[in-house]
Amino acid sequence: MSVSDLSTSTQNYLKAVWSLAEWSQTPVTATLIAAKTELKLSSVSDAVRKLSAQGLLVHSPYGSVELTPTGQEYALAMVRRHRLIESFLVSVLGYGWDQVHDEAENLEHAVSDFLVNRIDEFLNFPSRDPHGDPIPAADGTVVFPDAVQLTEVGAGQAVLVERISDADPLLLQFFLEQKIVLGARLQIGAGAPFSDSIDVRVAGSTSSLALGRAATDALYVSIVQN
């Protein structure tokens, strides 16, 4: 059975569970799913019970929500659709990277597996989407970049931007204005005392920029080895 045979609601729930666990070690709960999908907790709890009965989720009372192998297969298919559509919109249609998320959210439910595979082929099988997130291969394989949140990086380090969270379009616009994009090299310095910020200088720039926690949490970087 193709993921296209699932309801839009089921597709969204499975993708949400996978996405919540992709870059976080925090156990996925019904409360987190409700926040991500912007649905009522009671509705999410009902859906989790139904999807568990269908063999797509595993959930113990007051425990975490996890995908079964079948549920994960469907979730990865939806993530693959979403990220390939985002890549197509940016590479071919000229969308900005801050514009594609909502568009892809709508289109991912309408496309066929055949079209998704043709997009993949047309784009020469990209491994990452415009925000640096890994694109699952047709067989479900996912290759993650070796990256950590910029928040965890100490002063004095040089880093490369590997992934930028697409949760906030305004933050994406800000990063673009500051030339903080995928592949950008950043030099990290200590922020002002008690400011919960760090100083960042983009390669080629003569001035540094103070970034607060919301920004540094959204940036995933790899350490440049000297």
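The questions and answers below go through helix packing, backbone angles and loop residues in a predicted model.

Student: What should I know about the model and its numbering first?
Tutor: This is a predicted model, where local features need pLDDT of at least 70, side-chain atom pairs count only at pLDDT 80 or more, and totals for chains, interfaces and linings use all residues. Side-chain values use heavy atoms, with hydrogens and water left out, and residues are numbered from 1 along each chain as its sequence is written.

Student: How far apart are the end C-alpha atoms over residues 6-68?
Tutor: Over this stretch the chain is 57% helix and 10% strand. Helices (H or I, at least four residues) and strands (E, at least two) are DSSP runs, numbered from the N terminus. Over residues 6-68 the end C-alpha atoms are separated by 15 Å.

Student: At what angle do helix α2 and helix α3 pack?
Tutor: Two packed helices are described by the angle between their axes and the distance between the axes. Axes are lines fitted to C-alpha atoms, for helices over the stretch in contact, and angles run from 0 to 180 degrees between N-to-C directions. For α2 (residues 30-37) and α3 (residues 41-53), the axes are 9 Å apart and the angle is about 115°.

Student: Which residues of α3 meet α2, and how do the contact residues divide by class?
Tutor: Contact means heavy atoms within 4.5 Å. From α2 come A30, T31, I33, A34 and T37, and they meet L41, V44, S45 and V48 in α3. Ala, Val, Leu, Ile, Met, Phe, Trp, Tyr, Cys and Pro count as nonpolar, Asp, Glu, Lys and Arg as charged, and the others, Gly among them, as polar. The contact of α2 with α3 divides into six nonpolar, three polar and no charged residues.

Student: Are α1 and α4 roughly parallel or roughly perpendicular to each other?
Tutor: Helix α1 (residues 8-22) and α4 pack at about 85°, with axes 8 Å apart. Angles under 35 degrees count as roughly parallel, over 145 as roughly antiparallel, 65 to 115 as roughly perpendicular and the rest as oblique. α1 and α4 are therefore roughly perpendicular.

Student: How many charged residues does the contact of α1 with α4 have?
Tutor: α1 brings Q11, L14, K15, W18, S19 and E22. Their partners in α4 include Y74, L76, R81 and R83. By class, the contact of α1 with α4 has seven nonpolar residues, five polar and, for charged, four.

Student: Which residues of α4 meet α6?
Tutor: On the α6 side are D113, V116, N117, I119, D120 and F122. The contact of α4 with α6 has five nonpolar, one polar and four charged residues. The α4 residues are R80, R81, L84 and F88.

Student: What is the phi of E38, and is E38 buried or exposed?
Tutor: Most residues other than glycine have a negative phi. E38, in the loop between α2 and α3, is not a glycine, yet has a positive phi of about 60°. Buried means under 20% relative accessible area, exposed over 50%, partly exposed in between (1.4 Å probe, protein chains only). At 72%, E38 is exposed.

Student: What is the phi of F125?
Tutor: F125 sits in the loop between α6 and β3 (148-149). F125 is exposed, at 52% relative accessibility. F125 is not a glycine, and its phi is positive, about 55°.

Student: Which residues does G156 contact, leaving aside neighbours within four places in sequence?
Tutor: G156 is in the loop between β3 and β4 (158-164), and is exposed at 58%. Its C-alpha lies 7.9 Å from that of A190, 34 residues apart in sequence. The contacts of G156 are Q187 and I188.

Student: How far is K179 from V58, C-alpha to C-alpha?
Tutor: K179 lies in the loop between α7 (169-177) and β5 (185-190). K179 is exposed at 60%. Along the chain, K179 and V58 are 121 residues apart, and their C-alpha atoms are separated by 42 Å.
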